Amino acid sequence: MSLLENYSGPALSISGLGKVYDNGFVALKDINLQVDQGDFFALLGPNGAGKSTTLGIVSGLVNKTQGNVSLFGLDIDGDVYAAKRLLGVVPQEFNFNQFEKVQDIVITQAGYYGIKVKEARVRSEKYLKALGLWDKRDVPSRMLSGGMKRRLMIARALVHGPQILILDEPTAGVDIELRQSMWRYLKQLNEEEGVTIILTTHYLEEAESLCKNIAIINHGVIVKNTSTRELLQELHKQTLVVDLIQPYAKRPKLESLQLNWLDDSCFEVDVNKGTAINELFNVFNQANISVNSIRPKANRLETLFVDLVRK
Amino acid sequence: MLAFIQMHHVAFNTILMKEIRRFMRIWQQTLLPPAITMTLYFIIFGSLIGSRIGEMSGISYMSFIMPGLIMMSVINNAYSNVSSSFFSNKFQRSVEELLVAPLPNSVILGGFVFGGVARGLMTGIIVTGVALFFTDVTVYNFWVLSSVVFLSSILFSLAGFINALYANKFDDISIVPTFLLTPLSYLGGVFFSTDLLPGQWQLVSQLNPILYMVNGFRYGMLGVSDVNLVTCYTILISIIFILFYIAMRLLNRGKGIRP
Ligand SMILES: Nc1ncnc2c1ncn2[C@@H]1O[C@H](COP(=O)(O)OP(=O)(O)OP(=O)(O)O)[C@@H](O)[C@H]1O
Ligand SMILES: [Mg+2]
């Protein structure tokens, strides 16, 4: 892409973005965000936080109320067509014609980008095969399963060869095996073809294992924007779940640690990160608590996430 | 302009061909009904009642109503093709496929409008075929005939598009055909010559745009008309410009498609 050869700025730049819906609801207050070229970026946040609204504005599906957005330095108002050529979009909700056949959907989308039918056929074959949908090419899209529909939207979003791909909850409703193959595919797209990827997800382990950088949005504002690694380092406390060998009629107390009993034979305990397990055992032994097993509670990122959005 | 067309002709064709494929695929709902309705009109109004009416404007009643009936099918089908297709794109969210693509709104509008024109013309041909079973079809002036059909289908396709932008549910796209299009067609000189109307009603009927389309088309077929041809073209073209302007404004604002 000649356009991009001498551009080195961010792939996506959002500044002062605000959105008030027609009913007066303020969905975005003041979003500022930059995603570098080649990044694999996660936009996280609880339901209704404003993730889809933000990505919708970037994709041209939602009108913004204020602020600026540019893709590879191209303003989405001023250079709208050039900007859109660089962008592929996989929205949260299924948005294809239910009666059209799978391959026709992809070919038609290519046509909207000015790609002639002959070339569109070749490309649609490439992407439908890559996403495991080639066998279904002549099936009306309504007959696909939920996970297949999602993969169809990914194939459709790639057919014009975008430089940046936006995926709004791409793995919702996709089974574990397929999710992992989707991850591999996205990783490959990112690493080998240099496509910048932005995704939203409610599976935090997905963000943790895929994404280099993470922003967390809540009530229409960004509450955290950092690299995944730094975010994980911020977790200085860890919650452990301790199962005991036998139930305690009288629940023991410790001076050094606050035990949060779940039932008579199980409690949770918060420890500083880096605390040696041996030390813990010693403490428990001295209090005559015989431990059966210790495991970390849930996902570490999840704990932090809940902390951040609760504020 | 030329560069614009070159750049977007693939996208325009894609939309147009998709529209044509759609109405061909569901031909039982799109192409068959006008053929049936027309047959009934010809049998009832043309043969049964027409034989008692005798002549209108100096020609047989069957021949007199034929151009108007063809025109009515054309505009109804052009209108409903665009309104139902675009609304269903909204409803199924597949309009988003167009919104994310690098497409000027004029190309989107053009694609859908010419889809409606295609359906209108197709219906016109089918209905004319039906008419051949009942009466002779003559062509007095081919250029008038084809240009009036073409402009009328553009006009009603644009109107159908605007209707679809405003529609929130499927019922909303049948309001205009039921409450506006049908009455205006019946009063638009399909079944009678406006000479039959009392003085002040003749004036009122001249406010009805369908009157000009029907009469322009009748002139193209039979060489008789209640209205002046220049007025007919002026009115058609002016309304097209107005509707095009409105549709473009609504599209640019994202009315009904971009929250
Ligand atoms: N068309 C609309 N009109 C009015 N309010 C809307 C509209 N679309 C979204 N909202 C509101 O804007 C807020 C943000 O919605 P958005 O879809 O961006 O959330 P999200 O972060 O994507 O949530 P989720 O994780 O559930 O997908 C919500 O409170 C929602 O109710
Ligand atoms: Mg969302």
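This report describes a magnesium site and several salt bridges in a predicted model.

Residues are numbered from 1 along each chain as its sequence is written, while chains are lettered from A and ligands numbered from 1 in the order in which they are written. Local features need pLDDT of at least 70, side-chain atom pairs count only at pLDDT 80 or more, and totals for chains, interfaces and linings use all residues, with side-chain values resting on heavy atoms and with hydrogens and water left out.

**The magnesium site**

The magnesium ion (ligand 2) is coordinated by A:Ser52 through OG and by A:Gln92 through OE1, at 1.9 to 2.1 Å. A:Ser52 belongs to helix H2 (residues 51-59) of chain A and A:Gln92 to the loop between strand E6 (87-90) and helix H4 (102-112) of chain A, so the pair ties together parts that are 40 residues apart in sequence. Donors here are N, O and S atoms within 2.8 Å of the metal (3.2 Å for Na, K and Ca), and sites may look incomplete because water is not among the atoms. Helices (H or I, at least four residues) and strands (E, at least two) are DSSP runs, numbered from the N terminus. A:Ser52 is partly exposed, at 29% relative accessible area, and A:Gln92 is also partly exposed, at 30%; buried means under 20%, exposed over 50%, and partly exposed in between (1.4 Å probe, protein chains only).

**Salt bridges**

Side chains of opposite charge can pair when their charged atoms come close. Over all chains, a search of the whole structure finds 10 salt bridges, each defined as a side-chain nitrogen of Lys or Arg within 4 Å of a carboxyl oxygen of Asp or Glu. The table gives three of them.

| Pair | N to O distance |
|---|---|
| B:Arg21 and A:Glu100 | 3.8 Å |
| B:Glu97 and A:Arg156 | 2.7 Å |
| A:Arg295 and A:Asp243 | 3.9 Å |

B:Arg21 sits in helix H1 (residues 2-25) of chain B and A:Glu100 in the loop between E6 and H4 of chain A, so this pair joins two chains. B:Arg21 is partly exposed at 39%, whereas A:Glu100 is buried at 6%.

B:Glu97, in helix H5 (residues 95-100) of chain B, meets A:Arg156, in helix H6 (residues 146-158) of chain A, so that this pair joins two chains. B:Glu97 is buried at 4%, and A:Arg156 is buried at 4%.

A:Arg295 lies in strand E14 (residues 291-296) and A:Asp243 in strand E11 (residues 237-244), both of chain A, so the pair ties together parts that are 52 residues apart in sequence. A:Arg295 is partly exposed at 41%, as is A:Asp243 at 23%. Elsewhere, salt bridges that share partners join A:Glu100, B:Lys18 and B:Arg21 into one network.
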